[in-house]
Amino acid sequence: MANKTMIKAITDALDQELTRDEKVLVFGEDVGKNGGVFRATEDLQEKHGETRVFDTPLAESGILGLSTGLALEGFRPVPEIQFFGFVFETMDQIAGQISRIRFRLGGTRQMPITIRAPFGGGVHTPELHADSLEGLMAQIPGLRVVIPSNPYDAKGLLISAIRSDDPVVFLEHMKLYRSIKADVPDEEYTIPLDKANVAKEGSDLTIIAYGAMVQEAIKASDELAKQNISAEVVDLRTVSPIDEEAILESVKKTGRAVVVQEAQKQAGVGSQVAAVIAEKGILYLKAPIGRVAAPNTPYPFSEAESDWLPNKNDIVLKAKEILGY
Amino acid sequence: MSKKIIDFEQLKKFDDEFKPVQLLSTEGELVEPDWEPDLSDDELVELFKQMVWSRTLDERSTKLNRQGRLGFYAPTAGEEASQIASNFAMEKDDFILPAYRDVPQLVQHGLPLYQAFLWSRGHVDGNKYPEELQALPPQIIIGAQYVQTAGVALGLKLKGQKNVAYTYTGDGGTSQGDFYEGINFAGAFQAPAIFIIQNNGYAISVPRNKQTAAKTLAQKAVAAGIPGIQVDGMDPLAVYEVTKEARDYAIAGNGPVLIETLTYRYGPHTLSGDDPKRYRTKEIDDPWIKRDPLVRMRLYLESKGLWNQEEEDVYVEEVRTQINEAIDKVENMPKQKISEYLENTFKDTPVGIQEEIEKFEEKEAR
């Protein structure tokens, strides 16, 4: 057990899977000798060789087409998209190809591909680096979308994703890469996909969040606790498919729900969470479902991030509004 | 500086390096007596029989489509040399990534004919490929098969397998980004891939010269730093020989090759409403009909005493019987189940989908 950042936990997971299974291949733009633009693949090429960890030409559709072909030849590709804002270049390979191949071939072939990509705001990146596009991915049948909120989850979920025979989009929030440290076991371990986690227990209302918004939700719950309000924080971890059971169980207990996402209100997966509560848990509710999300504009110019991105204050305000309903 | 230092016309000079390879004249004679491909008499007959099979399949498929017994169908008549002779140069363990018009190659590579018909009709069982069949179903997204081919080829290379990945697109497809990314990736990784452009002159109604100012499509290989070859796509011996040499070159570890076949489709783009009379005339069609690959190959075999009309008539009847058997089998397939669709969507089925499966199983049992 050691105190690690999320980026280190991710490197650990990749290193251990490369060691465990010779079919695992890690590739993308600058992931080889350079060790990745965030050092997520640092030293992996030196340790595992250039046929296991390698750089590619600068073309996202090519990278994921390469992944499809390698998976057809029995490999377990872990490609990287340098920033998830660049996913538009390869939407066909994800939404039109990889996610459908098992279905298309009547269950006779698998696509064990884990697409890693950083995203997320708060670190003043240039245009189309920080956009939250998980909502687009969540609407694609045949695909899992995983977003860890802390170092421990990142390692366990990434190992599970790589071992899954289904394709996974694994989104890593840039602000979380080095901002928090946590105890992470040195040995390999898995965290089940499709399962949410109660990050903090509470009884007065449920805050459902994912990614960096989990950390904001925890901060908000600390502040609410000072006002004698007990908030439960549910971390989705897998945002598609969502863990309906965990959400409904918590809402049943508290009777109130606030759904939080960094993405614009019309994007993300918050509307899906709200719909599940409305569809299956409406009789548990003592108040309408509250939602915290970013404004419906393109991602802001970097100097406006702090005014645009949702934060713990927005969550506290929304929680009190729901409690006062 | 008053004098210009760039000679732009000179910069386009590599156009001249791409001249179509031809081995057989339209009269079925070898263009150069020394250029006979290394094929036995039996192999030559087999190649021609596959071409006759393909033409017969095209005629029957068109009729079956008109009768509503087949669904989506992209005609292939005219492209037998380009499709069949290129495929004839490949081995069973080579991996084919066909486009929607490349069903004949797929069947010759090992897909049972009735499954090709199921694919046309839109039935999942058409795409349940036997384990040993090295292939993907026909690709609808033009260009996607090219980037995927680079990946399959890299996989073969990493495994040390002496095989190639091969793929097809049309002339219009060369304008896609994935076309370029595919050949460029395969080049950068020196992967054993054969990329075939079947230039039949039209992308639906848009003529080839509206796609690009490049004088040949083969020269697009230059952008990837790989060899590009243009071949008479109505000449089965030329297509075979070029593909065979490209395959040998690729499995020797030299990287990918791009081949442009100059060919023609006698029919419409697809049978889903395209009418070539809107954009082609008899004057455009006629010279290509004179270059029919079957006529050329038939004359060649007859001159060698390897084939005659009687044998052909018997063979065509055989093929028709096979086709009838396949279509009968298809019409007796069980209906598709949504519960099976749901089961095929994930290997590890999520809870929510499991609930949907149960719901549909109940409905389907009624």
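Good morning. Please keep in mind throughout that the model is predicted.

I shall begin with chain A and its domains. The assignment for chain A gives domain 1, residues 2-184, and domain 2, residues 197-324. Taken over C-alpha atoms, the centres of domain 1 and domain 2 of chain A are 26 Å apart. Where the two meet, domain 1 of chain A brings 25 residues into contact with 21 residues of domain 2 of chain A. The area buried between these two domains of chain A is about 1,800 Å², and carbon and sulfur atoms account for 52% of that area. One salt bridge is found across this interface of chain A. A salt bridge also joins the side chains of A:Asp153 and A:Arg237, with an N to O distance of 3.4 Å.

Chain B is our next topic. Its assignment gives domain 1, residues 16-335, and domain 2, residues 336-365. The C-alpha centres of these two domains of chain B are separated by 37 Å. Here the contact involves six residues of domain 1 of chain B and five residues of domain 2 of chain B. Together, domain 1 and domain 2 of chain B bury about 410 Å², with 43% of it on carbon and sulfur atoms. Which residues of domain 1 of chain B lose the most area to domain 2 of chain B? They are B:Val124, B:Lys128 and B:Lys335, and together they make up 80% of what that side buries.

Between chain A and chain B an area of about 3,300 Å² is buried, and 60% of it comes from carbon and sulfur atoms. On the side of chain A, the residues that lose the most area to chain B are A:Glu73, A:Phe103 and A:Arg104, which together give 20% of what that side buries. How many salt bridges are there between chain A and chain B? The count is three. A:Glu73, already named for its loss of area to chain B, has its side chain in a salt bridge with that of B:Lys159, at 2.8 Å from N to O.

I turn now to the spaces within the model. Rolling a probe the size of a water molecule over the atoms shows where empty space is left. The largest pocket holds about 890 Å³ of space. Its lining has 36 residues, and those nearest the centre are A:Pro241, A:Ile242, A:Glu244, A:Gln272 and B:Gly352. Which elements each supply at least two residues of this lining? From chain A they are α6 (134-138), β12 (238-240), α10 (244-254) and α11 (270-280), and from chain B they are α12 (338-345) and α13 (351-365). By class, the lining of the largest pocket consists of 18 nonpolar, nine polar and nine charged residues.

Cavities come next, and the structure holds two of 30 Å³ or more. The volume of the largest cavity is about 150 Å³. Of the 18 residues that line the largest cavity, B:Leu57, B:Ser61, B:Tyr73, B:Val103 and B:Ala116 lie nearest its centre. In chain B, the elements giving two or more residues to this lining are α2 (41-66), α4 (103-109) and α5 (113-121). The largest share, five residues, comes from α5(B). Sorted by class, the lining of the largest cavity has 12 nonpolar, four polar and two charged residues.

The second largest cavity has a volume of about 40 Å³. Where in chain A does its lining come from? Domain 1 and domain 2 of chain A each provide at least three residues of the lining. Among the residues that line the second largest cavity are A:Phe119, A:Glu134, A:His173, A:Tyr210 and A:Glu262. By class, this lining has four nonpolar, three polar and two charged residues.

To close, I would return to two points. The second largest cavity draws on both domains of chain A for its lining, while the lining of the largest pocket takes residues from elements of chain A and of chain B. Thank you for your attention.

Notes. Residues are numbered from 1 along each chain as its sequence is written. Chains are lettered from A and ligands numbered from 1 in the order in which they are written. This is a predicted model: local features need pLDDT of at least 70, side-chain atom pairs count only at pLDDT 80 or more; totals for chains, interfaces and linings use all residues. Side-chain values use heavy atoms; hydrogens and water are left out. On a 1 Å grid over the protein atoms alone, a cavity is a set of points where a 1.4 Å probe fits but cannot get out, and a pocket is an open set with protein on both sides within 12 Å along at least five of seven lines; lining residues have an atom within 4 Å of a point. Grid points are joined across faces, edges and corners, and a volume is the space filled by probe spheres set on the points. Helices (H or I, at least four residues) and strands (E, at least two) are DSSP runs, numbered from the N terminus. Ala, Val, Leu, Ile, Met, Phe, Trp, Tyr, Cys and Pro count as nonpolar, Asp, Glu, Lys and Arg as charged, and the others, Gly among them, as polar. Domain bounds come from an automatic or database domain assignment. Buried area is the accessible area (1.4 Å probe) that two parts lose on being put together, summed over both. A salt bridge is a side-chain nitrogen of Lys or Arg within 4 Å of a carboxyl oxygen of Asp or Glu. Contact means heavy atoms within 4.5 Å.
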